[in-house]
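Trainee: Can you walk me through this one, starting with the chain contact and then a few helices?

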Amino acid sequence: MAPFDLSSIADTAPYYLIFLALGLAFGAVLEMSGFGDSRKLAAQFYLKDMTVLKVMFTAIVTACVLIFSASAIGILDFSFVAVPPTYLMPGIIGGLIMGVGFIIGGFCPGTSVVAAGTLKLDGIAFVGGVGIGTLLFSETASLLTSFRYSTFMGRFLLSELFGLPEGVTVLLLVGMALLMFYGAELAERRFGRGEAITRAALIPRNRFTIAGAGALLGTAALVAVIGQPSAEEKWPMAANRAGISLENRDPYVHPAEIAQWRADSSVSVRMLDVRSEGDFNRFHILGAIRVSPSELTDSQFIRSLQEAPANTLTFVVSNGETRATAAWKQLLAQGLTNLYIVEGGINNWLTVFPPDACIAVPVKGRQPGEEELAFAFTQAVGDDCYSAHPEVDFKESPTDCYLEAHPELKQRPANNAVRPVPFDRQRKVTFQPKVKMKKAGAPKGGCG
Amino acid sequence: MPDKPRVVREARPYINPYLGGALLGVVLFAAFFITGSGLGASAAINRLMSALLELFAPEHVDRVGYLAAMGGGTSISLAHSTVAMFAGTLLGGFVSGLVGRRVKPELRKGPQIGAGTRIAAAIIGGILMGYGARLARGCTSGQALSGGAVLSVGSFAFMFSIFIAAYALAYFLRRLWN
């Protein structure tokens, strides 16, 4: 399913050929639309020739309708489409500077490349200018660091801003574009050709224009009606893309392997605990974040998860596996990568890393796989016991009751030597390693 | 019979802007569908400059954080998908220009200014564009076009900023173009 994971062929000839071909088509379309001519581009700002606006917005709404149609019928996973992240103020200030550059220079970077390709001398000069500009930026970027990263809003869609479904937003965007085209036609007639705007001129007559506008509006309306796929519909595709099979129990990772990853300083391990607040307070793994069911579909929260660095491993945990698996599916469908489930849940975790008897004891007759805590806690310990952080050298902070059982630990060894590890915590656990770290995180930007 | 007069091959007209836009939209969709990201141009120009600088002052590239991210140490500034796309864009413009008989060395400028002014304006405009594009994390193609098609809020804010600034200054710079 699209988009395709090109990381496997990165830096090979076919990889570069794909981008070369896309660039070729891009350059050709820009050129044949007249974007290689600075006078035609600049005329936009004197309302004489609205080609720039027409081409740009037709392209935006066409691509937009195609993207969300493809997503609606399930051939494109929108979670893996790179949406340029919003840094509001740097974008606005950068845009204003570029607007000044546009009216002075008569090009934008892409169009100047095309102009240079057709040997327009001003285009070649402009490309050189862009080169100098990017270099100036490179040299001053360090002075602007705090501004460059300010007003960060992440992957922020218009649909989220308006609180509307994606399809409805697309439909509104198409409607807005058509109104703009109508205005552009009138402006060209008035300012470009100096005609008076008569009543007859207000009625669109070109059959192709009407057919094209109708097709766009119709498709957008269809997309709005179909809606975008739900997480339940999307997760099998996401799993398929990542090569993960639930039947083979690929995402279920043994607690001992997780403890190993937690001790690995090159990896950042994140625990998402989807249990009730009561169970969470009774016991949770150190550093775990409690996630309520509503948060699993909250775009703000999902975005915060996606912004983690690429070396982040995420584990979902519940008491057993059922709830964790359901949450895993939801998160996977929303584009999270390096996402796994704690095998057997907290109950298995506590079996592998048993708490001291004075803190918790197994409940007789309760199966570890159940979605209920299979241990009875004498107190709500949270993450304040060995089982919550088995990867940390537990010997440094043995609990009182553990010391009762192991009086030899009460005596701190001379010279701060490491205390002997009691036998029962030394036992080796065998497991099948499951985690396959993929360093390529969520897709970033197009131009970056 | 006299020799045939040498026919000056007139440039063919541009295609209808809505058709051009629809084609561009399909190309943009193809980019998203295949690669997961959109189109772009300015990042590649930045990389070209970084590569150029590496020829003369490799230590400088290693020292400046922004450049080092592209071409620092043993990494090669040009080994990047955006550079391949840039080469394609240049070539695509050339091929389409050939077909449309528009490939010829010429200077497009307003009637009231000289060639020197036009070139200077193009360079100054280019510098501003290049600087702004890096600040905004993308140019008209990478941010406005690509981000607009996937409904990014920042991309729309960016797009309107470009148009606002250009329209606001258009009147004062009318001598350049009219």
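Here is the walk-through, question by question.

Mentor: Ground rules: this is a predicted model, where local features need pLDDT of at least 70, side-chain atom pairs count only at pLDDT 80 or more, and totals for chains, interfaces and linings use all residues. Residues are numbered from 1 along each chain as its sequence is written, with chains lettered from A and ligands numbered from 1 in the order in which they are written.

Trainee: Which element gives the most to the side of chain B that touches chain A?

Mentor: Contact means C-beta atoms, placed from the backbone, within 7 Å. The contact takes 117 residues from chain A and 113 residues from chain B. With 18 residues, the top contributor on the chain B side is α1(B), helices being DSSP runs of H or I, at least four residues, and strands runs of E, at least two, numbered from the N terminus.

Trainee: How are α1(A) and α5(A) oriented to each other?

Mentor: Their axes, lines fitted to C-alpha atoms over the stretch in contact, with angles from 0 to 180 degrees between N-to-C directions, come within 9 Å and cross at roughly 80°. Angles under 35 degrees count as roughly parallel, over 145 as roughly antiparallel, 65 to 115 as roughly perpendicular and the rest as oblique. So α1(A) and α5(A) are roughly perpendicular.

Trainee: How far apart are the end C-alpha atoms of α15(A)?

Mentor: The expected span is 1.5 Å times one less than the number of residues. For the 12 residues of α15(A) that should be 16 Å, which agrees with the end C-alpha separation of 17 Å.

Trainee: Which residue with positive phi follows α15(A)?

Mentor: Phi there is near 95°. The residue is Gly335(A).

Notes
Contact = placed C-beta atoms within 7 Å.
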